[in-house]
Amino acid sequence: MTNYGYIFLGGALGAMTRYMLMEVAIINFPSELGQLVSLFVVNILGAYLLGLTVRHPYFTAGCKNLWGTGFAGGFTTMSGVTVLMAVTELDQWIWGMLIAGFIAFGAGFRQGRKAQRKQEVEFA
């Protein structure tokens, strides 16, 4: 499969997973809160996964395209964040989510780097 095929497949899986999680959150929480919780969970998990795929040695070029660019890209949603900012008064929560996304990316990146160093020590 080509790189574009991996990205397409990952994006489709990520978007479907995001849709399912957002529907579950909206069913279980009242309107604006459900949207905010689902956006928060989706974007934080996606940022963590993206950070992990960037650095972890398991993720080869094809896996990075499938899980990083494709799945994490289709799973996260900045357009949903901007729509929520436009229609609600929850700007402080949105900013918190964006900051938490950077922290989650850093945590995933750090975990991937630890795994890479462990693998280098095992093969040395």
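This is a predicted model: local features need pLDDT of at least 70, side-chain atom pairs count only at pLDDT 80 or more; totals for chains, interfaces and linings use all residues.
User: What makes up the secondary structure of the chain?

Analyst: Five helices and zero strands, running α-α-α-α-α from the N terminus on. Helices here are DSSP runs of H or I with at least four residues, strands are runs of E with at least two, and both are numbered from the N terminus. The C-alpha trace spans about 55 × 30 × 25 Å along its principal axes.

User: Why is α4 called roughly antiparallel to α5?

Analyst: Helix α4 (residues 78–87) and helix α5 (residues 91–123) pack at an angle of about 160°, with axes 10 Å apart. That angle makes α4 roughly antiparallel to α5. The cut-offs are under 35 degrees for roughly parallel, over 145 for roughly antiparallel, 65 to 115 for roughly perpendicular, and oblique for the rest. Axes are lines fitted to C-alpha atoms, for helices over the stretch in contact, and angles run from 0 to 180 degrees between N-to-C directions.

User: Which residues make that contact, and what classes are they?

Analyst: M78, V81, L84 and M85 come from α4, and D91, I94, M97 and L98 from α5. Contact means heavy atoms within 4.5 Å. By class, there are seven nonpolar, no polar and one charged residues. Nonpolar covers Ala, Val, Leu, Ile, Met, Phe, Trp, Tyr, Cys and Pro; charged covers Asp, Glu, Lys and Arg; the others, Gly among them, count as polar.

User: How do you know that the length of α5 fits its residue count?

Analyst: The expected span is 1.5 Å times one less than the number of residues. For the 33 residues of α5 that should give 48 Å, and the end C-alpha atoms are 48 Å apart, so the two agree.

User: Why does G101 count as buried?

Analyst: G101 sits in helix α5. Its relative accessibility is 14%, so G101 counts as buried. Buried means under 20% relative accessible area, exposed over 50%, and partly exposed in between, using a 1.4 Å probe and protein chains only. Leaving aside neighbours within four places in sequence, G101 is in contact with I44 and A47.

User: Which other residues of α5 are buried, and what covers them?

Analyst: The list has I94, M97, A104, G108 and G112 as well as G101. Their cover includes α2 (31–55) and α4.

User: What makes N43 a buried residue, and what does N43 touch?

Analyst: N43 lies in helix α2 and counts as buried because its relative accessibility is 9%. Setting aside neighbours within four places in sequence, N43 is in contact with T76, T77, V81 and M97.

User: How do α1 and α2 meet?

Analyst: The axes of helix α1 (residues 3–28) and α2 come within 8 Å and cross at roughly 145°. R18, L21, M22, A25 and I26 of α1 make the contact with G34, Q35, S38, L39 and V42 of α2. Those residues divide into six nonpolar, three polar and one charged.

User: And how much of the chain is buried?

Analyst: Of its 124 residues, 32% count as buried.

Definitions and conventions:
Residues are numbered from 1 along each chain as its sequence is written. Side-chain values use heavy atoms; hydrogens and water are left out.
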